[in-house]
Amino acid sequence: MKAALNTKRLPQKAAYHQNVQPSQTTPFPHKSPSLGILIRRNEQFKKDFKQNSLFKLMESGYFDTEEKRQSFLAYFQIWSNYFQKTMLLKTALCEDSNFTPMFYQHFEEEYGHDQMLIKDRTKVRSDRKVNVKKDAILEALCNWFLSKMLSLTPYEQIVVMNLCVEAVAAVFYKFAKPAIDPTNQLKHFQAHDGEIDVHHEKMGLSLLENLTISQYSRLFEVQEDAWAMCEALMERLGELVIKDIPSK
Ligand SMILES: [Fe+2]
């Protein structure tokens, strides 16, 4: 039986704030910061992320009409566009030859996924037009990632874009595929089948080896901030589709 989901059943805002409490999201506090702990913390962030309200919505059976799925994709397009710009900016501004080969490879493997999604969305419409959605909060959340490519070091950018955003993608597409693309029509989703995002998550980890304790401490902060932003971004996507088309 499909759950009659409404916003009251979704985790409330407080759940997001609970997720960013240091006591919950900073495992291994007694140990010296290291790459090993950074990776283990990431596993915990990933595990917590699977409880995001968007995934509860996807599992509830809410997305049972093309209208709801298309509404979701119209909002998701905003993030897809920003992700592409963020990857482009990160790669374009990277001057350190220790990082440029990996940044270029990652960029090439992601290039054009935003346009792929637009094409997927136009195919289902007889007028071939895309439904454009806007939301100031979603825009601001997406912009955080873009702006960080101007201010973070390449080490910190790997934490944001690989360790966090790609781990998010690996979880997201697992939940989104059966809810949003149950008949396997969308090329954008096909591009994320398999373990490609898991591979992206691990890209660049070798570049984070042999840093100082204070550098790892800083990466912990960036990691926590990036996961909090991803949690909020995904939660906002869920809120928006329900606001547009409440469940009956
Ligand atoms: Fe990826």
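This is a predicted model: local features need pLDDT of at least 70, side-chain atom pairs count only at pLDDT 80 or more; totals for chains, interfaces and linings use all residues.

Modeller: The part I'd zoom in on is helix α12, residues 213-244, which packs against helix α3, residues 35-49. For the setting, the protein chain has twelve helices and zero strands. Buried residues make up 34% of the 248 residues. Among contacts with a separation of 6 or more, 84% link residues 24 or more positions apart.

Now the pair itself. Two packed helices are described by the angle between their axes and the distance between those axes. For α3 and α12 the angle is about 15° and the axes are 11 Å apart. Angles under 35 degrees count as roughly parallel, and therefore α3 and α12 are roughly parallel to each other. Their crossing is right-handed. On the α3 side the contact is made by L35, L38, R41, N42, F45 and F49, and on the α12 side by Y216, L219, F220, Q223, W227 and E231. Sort those by class and you get eight nonpolar, two polar and two charged residues.

Staying on α12, have a look at M229, which is found in that helix. M229 counts as buried because it has 20 C-beta neighbours inside 10 Å. Skip its neighbours within four places in sequence, and M229 is in contact with L141 and W144. There's also V165: M229 and V165 are 64 residues apart in sequence, yet 9.8 Å apart in space, C-alpha to C-alpha.

N210 is found in the loop between α11 (196-202) and α12. Most residues other than glycine have a negative phi. N210, though, has a positive phi of about 60° and is not a glycine. N210 is exposed, because it has 8 other C-beta atoms within 10 Å. N184 is another case, with phi near 55°, a positive value in a residue other than glycine. N184 has its place in the loop between α9 (154-180) and α10 (187-190), and it counts as exposed because it has 11 C-beta neighbours inside 10 Å.

The crossing of α5 and α7 is left-handed. From α5 the contact takes in Q70, L73, Q77, S80, N81 and Q84, and from α7 it takes in H113, D114, L117, I118 and R121. By class, that contact of α5 with α7 has three nonpolar, six polar and two charged residues.

Last, a word on confidence. The chain averages a pLDDT of 89, and 87% of the residues score at least 70. Over residues 1-24, pLDDT stays under 50, and the model has 29 contacts beyond four places in sequence for that stretch.

Methods. Residues are numbered from 1 along each chain as its sequence is written. A crossing is left-handed if the near helix is turned anticlockwise from the far one by less than a right angle, and right-handed if clockwise. Helices (H or I, at least four residues) and strands (E, at least two) are DSSP runs, numbered from the N terminus. Two residues are in contact if their C-beta atoms, placed from the backbone, lie within 7 Å. Ala, Val, Leu, Ile, Met, Phe, Trp, Tyr, Cys and Pro count as nonpolar, Asp, Glu, Lys and Arg as charged, and the others, Gly among them, as polar. A residue is buried if 20 or more other C-beta atoms lie within 10 Å of its own, exposed if 12 or fewer, and partly exposed in between; C-beta atoms are placed from the backbone. Axes are lines fitted to C-alpha atoms, for helices over the stretch in contact, and angles run from 0 to 180 degrees between N-to-C directions. Angles under 35 degrees count as roughly parallel, over 145 as roughly antiparallel, 65 to 115 as roughly perpendicular and the rest as oblique. pLDDT is the predictor's confidence in each residue, from 0 to 100.
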